[in-house]
Amino acid sequence: MLFFSYFKDLVGREVTVELKNDLAIRGTLHSVDQYLNIKLENTRVVDQEKFPHMLSVRNCFIRGSVVRYVQLPPEGVDIELLHDATRREARGG
C-alpha cells in the first residue's frame with residue numbers, strides 16, 4: 001500500500017512507464033489503483049522509430065502486471081516522506 005498511496009499523489013503529473021515488452025510511454029498520470037493499473041493521458045512513445053504503430057495513441061490503460069518500471073519526475077520524489085513511510089511499514093504500523 002505504500003507505493004499505491006505514493007502514486008496517488010502523483011496524479012496529474014507526467015511519468016514514464018516502461019513495459020515488460022520494452023515499450024516506454026510518457027504521459028500524464030490520470031489514475032492508479034491498488035494493483036498499480038495505470039491510466040495515462042496525452043501519451044507519447046519514447047522510442048517512436050521502434051514503435052511507429054503507437055504514434056496515434058493519446059490515452060491508454062496499462063495493466064499493472066505488464067509494468068517493468070515507472071520513472072517519476074525528479075521534483076515529485078520526496079525522499080524524507082518515502083524513508084519515513086518505509087520505516088513505518090517495516091515496523092508493521
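**Sheet, core and loop residues in a predicted model**

Visitor: In what order do the five strands of the open sheet lie?

Guide: In this predicted model, five strands form an open sheet with antiparallel pairing. The average twist from one strand to the next is 40°. Read across the sheet, the order is β4-β3-β2-β1-β5.

Visitor: Which strands are the edge strands of this sheet?

Guide: An edge strand here pairs on one side only. That applies to the strand at residues 59-62 and to the strand at residues 67-71. The edge strands are therefore β4 and β5.

Visitor: What is the bridge partner of K39 in β4?

Guide: Strand β3 covers residues 38-45 and runs antiparallel to β4. Four bridges join these two strands. In β4, the residue bridged to K39 is F61.

Visitor: Is V17 buried or exposed?

Guide: V17 is found in strand β1, residues 14-19. Its contacts, leaving aside residues up to four places away in sequence, are L23, A24, I25, I38, L40, I62, V67, Y69 and V70. Its relative accessible area is 0%, and the cut-off for burial is under 20%, so V17 is buried.

Visitor: What distance separates the C-alpha atoms of V17 and P73?

Guide: Along the chain, V17 and P73 are 56 residues apart. In the model, the separation of their C-alpha atoms is 12 Å.

Visitor: Which residues have the most contacts inside the largest nonpolar core?

Guide: In soluble globular proteins, nonpolar side chains tend to be buried together. The largest nonpolar core of this model has 20 residues, and the elements giving two or more residues to this core are α1 (2-8), β1, β2, β3 and β4. L19, one of the residues with the most contacts inside the core, touches I25, I62, V66, V67 and R68, not counting residues up to four places away in sequence. The residues asked for are V17, L19, L23, I25, I38, L40 and I62.

Visitor: At what distance does the side chain of N37 reach the backbone nitrogen of G64?

Guide: N37 lies in the loop between β2 (24-32) and β3. With a relative accessible area of 15%, N37 is buried. Not counting residues up to four places away in sequence, N37 touches S31, V32, F61, I62, R63 and G64. From the N37 side chain to the backbone nitrogen of G64, the distance is 2.7 Å.

Visitor: How does L36 count at 30% relative accessibility: buried, partly exposed or exposed?

Guide: L36 is found in the loop between β2 and β3. Although L36 is not a glycine, it has a positive phi of about 60°. Because 30% relative accessibility falls between the limits of 20% and 50%, L36 counts as partly exposed.

Visitor: Is N42 buried or exposed?

Guide: N42 has its place in strand β3. This residue has a positive phi of about 50° although it is not a glycine. Its relative accessibility is 53%, and the limit for this class is over 50%, so N42 counts as exposed.

Visitor: How far does helix α2 reach from its first C-alpha to its last?

Guide: Helix α2 comprises 13 residues, 79-91. At 1.5 Å a residue, the expected reach is 18 Å. The reach in the model is close to that expectation, at 18 Å.

Visitor: Which residue just after α2 takes a positive phi?

Guide: The residue in question follows just after α2. Its phi is about 90°, and the residue is G92.

Technical notes
Residues numbered from 1 in each chain as written. Predicted model: local features only at pLDDT ≥ 70, side-chain atom pairs only at ≥ 80, totals over all residues. Heavy atoms only, no water. Buried < 20%, exposed > 50% of the residue type's maximum accessible area, 1.4 Å probe, protein only. Contact = heavy atoms within 4.5 Å. Axes fitted to C-alpha atoms, helices over the stretch in contact; angles between N-to-C directions. Polar contact = N/O pair within 3.5 Å; in protein donor to acceptor, adjacent residues only side chain to side chain. Expected span 1.5 Å × (residues − 1). Core = buried A, V, L, I, M, F, W, Y, C linked by side-chain atoms within 4.5 Å.
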